[in-house]
Amino acid sequence: MGLKEKISADLKEAMKAGNTVKRDTLRMLDAMIKNTEIEKLKKETGLTDAEMLEVIGRAVKQRRDAASQYEAGGRPELAAKENSEIAVLMSYLPEQMSEDKVREVIKEVITTIGATTKADIGKVMGQAMGRLKGQTDGNVVKKIVEEELQ
């Protein structure tokens with residue numbers, strides 16, 4: 001079963017179970033997938049699983065940004081809603097790498113590139129995100145890269 005079929009099946013299951021958070025989150029995700037198919041002119045063929053993981057990752061990032069803005073604005077109930085949507089979306093992403101493993105990959109990238117100063121952050125980020133795509137959050141990568149290149 002492909003990722004799209006799994007999302008559709010889970011949406012039907014959430015509708016039957018009356019799970020409104022999961023239902024609404026999966027409907028939003030389905031709409032994002034369909035919009036991306038239209039943008040990429042793949043309405044007939046559909047997105048690959050890798051492209052769908054990009055869409056899901058983008059949705060998680062949007063929810064995280066919104067949750068942090070709600071927290072800063074003093075709206076914890078809305079932040080909690082965003083966090084519950086993140087939990088639903090994360091179940092469709094591959095298992096996230098631990099911070100230690102991310103640090104190992106980043107150290108390897110720094111050694112390969114020969115980066116030594118903060119001016120090299122962009123180069124390291126580009127290489128690291130290429131290798132870690134979908135396996136960790138970009139903010140975690142950025143934080144570790146900045147720590148390593150002090």
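Biologist: Helix α5 (residues 99-113) and helix α6 (residues 121-132) pack with their axes 9 Å apart; at what angle do they pack?

Modeller: This is a predicted model, in which local features need pLDDT of at least 70 and side-chain atom pairs count only at pLDDT 80 or more, while totals for chains, interfaces and linings use all residues. Residues are numbered from 1 along each chain as its sequence is written, and side-chain values use heavy atoms, with hydrogens and water left out. Helices are DSSP runs of H or I of at least four residues, numbered from the N terminus, and axes are lines fitted to C-alpha atoms over the stretch in contact, with angles from 0 to 180 degrees between N-to-C directions. On that basis α5 and α6 pack at an angle of about 130°.

Biologist: What does that make α5 relative to α6?

Modeller: Angles under 35 degrees count as roughly parallel, over 145 as roughly antiparallel, 65 to 115 as roughly perpendicular and the rest as oblique. The angle between the two helices is about 130°, which makes α5, relative to α6, oblique.

Biologist: Which helices do the buried residues of α5 pack against?

Modeller: Buried means under 20% relative accessible area, with a 1.4 Å probe and protein chains only, and the buried residues of α5 are V102, V105, I106, V109 and I110. They cover an arc of only 140° around the axis, taken from the directions to the C-beta atoms, which puts them on the same side of α5. With contact meaning heavy atoms within 4.5 Å, these buried residues pack against α6 and α7 (138-148).

Biologist: How far apart are the end C-alpha atoms of helix α2 (residues 20-39)?

Modeller: The expected span of a helix is 1.5 Å times one less than its number of residues. For the 20 residues of α2 this gives 28 Å, which agrees with the distance between its end C-alpha atoms, 28 Å.

Biologist: Within what arc do the buried residues of α2 fall?

Modeller: The buried residues of α2 are T25, L26, L29, D30, M32, I33, T36 and E37. Seen down the axis of α2, they line one face of the helix, because they fall within an arc of 165°.

Key: Buried means under 20% relative accessible area, exposed over 50%, partly exposed in between (1.4 Å probe, protein chains only).
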